[in-house]
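Here is a short briefing for a first look. Start with the sequence and the structure.

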Amino acid sequence: MTTRPPINDEELNALLERTGAFQEAVHAHVNNLIPVEERRYLVAFQAGLLSLEHATGALVLIGQGLFPPAYSLMRPQYESLVRGIWLLHAASDSWVEKLGEPLTLENAKRANEGLMLAEMLKELEKSSTAPGPIVEQLKEYRDVTWKALNSYAHGGLHPLSRTLAGYPAQLTYDVVRNSNAVVALATQLVSILSGDPRNMEPVRRFHVEYSDCLPILR
């Protein structure tokens, strides 16, 4: 069995161009969505939008050659998606209320005492309405990427060593494809939160049209 050679700069640039087109298509779709007028849906929708914004910010930074801050945005991109799915399927009414309140010092203090990522994933596993395959993908993403994401977010060994060694095209290629997978799931989430099943049709088309810049999504 032959081993594929590492991704080169030309292939990376092609992926970045396609990713830009993918994100443009996603934002054009999302800008037309209106969430169901119910607190749980509204707050989960906001979390999905936040996840998409982090992905866009990361792509801009990569285009500028600013890899450490770009990689560090992958963690809040993923966490915002998990929070959105948790808010829809597993969060208590009390947590929905806390996270949907106006921003004040007191409200921020109460909201910051909330569940950590691992706890949200555990609650999603127990939820009777959360889609099992999506929850499994979220767990797999965490298991594969979490240590590296934490390292970039906190200035650990990964970014410190890369400052001298540089950032190979293969690494950025893999990071961007993983980010695109989170974008696809966030787009699915906000489309569902519109309450109109017809809004899932563009999401299905994205999976086909942009399959070249997405990992395999179940």
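Helix α2 (residues 39–63) and helix α10 (residues 169–192) have axes that come within 9 Å and cross at roughly 155°. That makes α2 roughly antiparallel to α10, a term for angles over 145 degrees. This is a predicted model: local features need pLDDT of at least 70, side-chain atom pairs count only at pLDDT 80 or more, and totals for chains, interfaces and linings use all residues. Residues are numbered from 1 along each chain as its sequence is written, and side-chain values use heavy atoms, with hydrogens and water left out.

**The α2–α10 contact**

- α2 passes α10 in a left-handed crossing, meaning that the near helix is turned anticlockwise from the far one by less than a right angle.
- On the α2 side, the contact (heavy atoms within 4.5 Å) includes Ala44, Phe45, Gly48 and Leu49.
- On the α10 side, Thr172, Val176, Ser179 and Val182 are among the contact residues.
- The residues of this contact divide into 12 nonpolar, five polar and no charged.

**Asp9**

- Asp9 lies in helix α1 (residues 9–30).
- Asp9 and Leu121 are 112 residues apart in sequence and 36 Å apart in space, C-alpha to C-alpha.

**Pro133**

- Pro133 sits in helix α8 (residues 132–153).
- With a relative accessible area of 46%, Pro133 is partly exposed, the class between under 20% and over 50%.
- Pro133 and Leu66 are 67 residues apart along the chain, and 34 Å separates their C-alpha atoms.

Methods:
Axes fitted to C-alpha atoms, helices over the stretch in contact; angles between N-to-C directions. Helix = DSSP H or I, 4+ residues; strand = E, 2+ residues; numbered from the N terminus. Parallel < 35°, antiparallel > 145°, perpendicular 65-115°, else oblique. Nonpolar A, V, L, I, M, F, W, Y, C, P; charged D, E, K, R; others polar. Buried < 20%, exposed > 50% of the residue type's maximum accessible area, 1.4 Å probe, protein only.
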